[in-house]
Amino acid sequence: MAQYSTAPRRASRSRSSFSNVNSGGRSRSFGGGNRSSGGNRRRSKAYIHPSRFVQVAKPSEVVAYESTNQFSDFDMHDLIKDNATKKGLITPTPIQDQSIPHGLNGSDIVGIANTGTGKTIAFAMPVLHKLMSDPEAFALIMAPTRELAQQIEDECRVIGKGSGLNGALLIGGSPMGVQLRDLRANPRIVIGTPGRIKDHIERGTLTISQFNVIVLDEVDRMLDMGFIEDMCDILEKASPVRQSFFYSATMDNKVADLIKAFTADAITVSVKTGETSENVHQDIVPYQTSGQKIQQLHDLLDSDAVVKALVFDETQRSVERLSDELLSRGFKADAIHGGKSQGQRTRALGKFKKNQINILVATDVAARGIDVSDITHVINYSEPQAYDDYVHRIGRAGRAGRVGYAYTFVKA
């Protein structure tokens with residue numbers, strides 16, 4: 001298969017080219033912003049009986065998956081295979097093994113899989129192969145949060161390194177000048193949140209009528225966050241003749257209805273193995289006063305069992321205040337919320353991933369894009385707005401078959 005070492009027709013060579021950034025660099029090539037840090041309006045808090053926060057972990061037996069393929073077997077561009085090998089990707093996960101061949105064949109895909117199972121690679125490889133094989137192809141990838149969009153960009157950079165493809169990352173908190181520069185370069189791949197993508201369409205800085213490869217990642221979360229109108233508006237403006245990828249951790253009626261409205265003959269690949277929360281030991285921490293509450297959090301975080309903890313609080317101000325309090329008590333902590341710049345959020349998340357800190361205090365919205373596989377504890381310092389939010393929070397522990405722990409502070 002021929003190698004593509006220069007930028008395809010209609011795409012200029014710019015600092016946003018995949019080939020200009022190595023896998024470790026963060027030279028800013030894609031720019032952007034979304035209209036808010038989350039996209040949803042504050043909901044009134046639903047009452048959740050404390051008994052729903054108590055459950056003994058019931059880890060299911062992990063059955064070894066025997067992959068039908070190796071990455072080297074897929075009928076895709078050699079450059080992608082080489083980059084996958086350099087990244088250490090040899091054997092696909094179930095969602096990758098079962099969906100990549102259909103994606104390479106041009107089929108619409110509906111992928112249902114637990115969070116943290118490799119969905120990004122499952123769509124990134126077919127999308128990049130399409131762009132490298134067809135100079136008339138343009139791809140639009142939508143994700144619910146800045147952090148997830150940035151993670152998708154990172155994966156695409158590594159898998160597409162040396163391809164010459166250029167793109168734009170449209171998320172909040174980064175300079176508008178950078179995103180406008182990248183959009184003027186006629187990007188072949190645009191990654192972003194629905195709100196910011198729609199903003200650019202309305203500004204006239206992005207025209208998507210030629211985008212004929214569409215990816216919606218974490219469809220269920222985008223619906224939960226109130227992006228339904230933005231997503232529908234965007235999909236209606238994209239090329240009517242297109243290949244679509246829909247990936248989600250759940251498939252309820254809302255998700256099914258959205259997908260049905262925009263594709264009639266998608267191939268569904270479902271490898272979901274049950275709720276992640278089943279692997280999480282859940283309990284409550286009763287408290288009476290604010291002084292008692294912070295001391296109990298101190299004692300919990302000070303235990304040897306806590307290796308890496310994600311702590312949720314309700315507002316940007318309370319998250320910042322709690323993070324400062326933990327720092328003053330000698331803990332290695334940082335905060336992530338919508339009031340932080342994108343650079344601050346990226347640095348805090350990077351420190352958390354690299355174990356330079358082991359406690360990250362977050363709001364619900366800011367945490368939705370966090371994909372860190374080795375979180376041992378999720379602590380709800382404030383109760384969630386709804387039980388679905390609770391399930392999503394605690395699902396960040398107990399990954400990869402491990403038992404995680406979730407504690408929810410409840411006023412006695």
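Modeller: A salt bridge here is a side-chain nitrogen of Lys or Arg within 4 Å of a carboxyl oxygen of Asp or Glu. By that rule, the count comes to 15 salt bridges. Bear in mind that this is a predicted model, where local features need pLDDT of at least 70 and side-chain atom pairs pLDDT 80 or more, while totals for chains, interfaces and linings use all residues. Residues are numbered from 1 along each chain as its sequence is written, and side-chain values use heavy atoms, leaving out hydrogens and water.

Let's settle on helix α4, which covers residues 146-159. Helices and strands are DSSP runs numbered from the N terminus (H or I of at least four residues for helices, E of at least two for strands).

How much of each partner can be reached from outside? For accessibility, buried means under 20% relative accessible area, exposed means over 50%, and partly exposed is in between (1.4 Å probe, protein chains only). E155, at 22%, is partly exposed, and K87, at 36%, is partly exposed too.

Now look at another pair in α4. R157 makes a salt bridge with E153, and their closest N and O atoms are 2.8 Å apart. These two are 4 residues apart in the helix, which means they are separated by about one helical turn. R157 counts as buried, with a relative accessibility of 4%, and E153 is buried as well, at 0%.

Follow the chain on past α4 and you reach N166, in the loop between α4 and β3 (167-170). N166 is buried, at 0% relative accessibility. The side chain of N166 reaches the backbone oxygen of A185 at 3.1 Å.

Next comes the nonpolar side of the story. A nonpolar core is a set of buried Ala, Val, Leu, Ile, Met, Phe, Trp, Tyr and Cys residues joined through side-chain atoms within 4.5 Å. The largest one has 41 residues, and those touching the most other members are F123, M125, I152, I191 and F245. Helix α4 supplies at least two residues of this core, and so do, among others, α3 (119-133), β2 (139-142), β5 (213-217) and β6 (243-248). The biggest share comes from α3, with 9 residues. There is also a second, separate core of 31 residues, and its members include L140, M142, A168 and I197.

Setting aside neighbours within four places in sequence, F245 is in contact (heavy atoms within 4.5 Å) with residues including G103, F123, P126, V213 and L216.

Which way do its side chains point? A139 and I141 point one way, L140 and M142 point the other way, and all of them are buried. Strand β2 belongs to an open sheet of 7 strands in the order β3-β4-β2-β5-β6-β1-β7, with parallel pairing. Strands count as paired if DSSP finds at least two bridges between them. At the edges sit β3 and β7 (267-270), each pairing on one side only.

What pairs with β2 on each side? Strand β5 pairs with β2 in the parallel sense over 4 bridges, and β4 also runs parallel to β2, joined to it by 4 bridges. M142 shows both pairings: its bridge partner in β5 is L216, and its bridge partner in β4 is G192. A139, meanwhile, has V213 as its bridge partner in β5.

On the strand side, A139 and I141 face one way from β2, opposite to L140 and M142.

How values were computed: A polar contact is a pair of N or O atoms within 3.5 Å; within protein, one must be able to donate a hydrogen and the other to accept it, and residues adjacent in sequence count only if both atoms are side-chain atoms.
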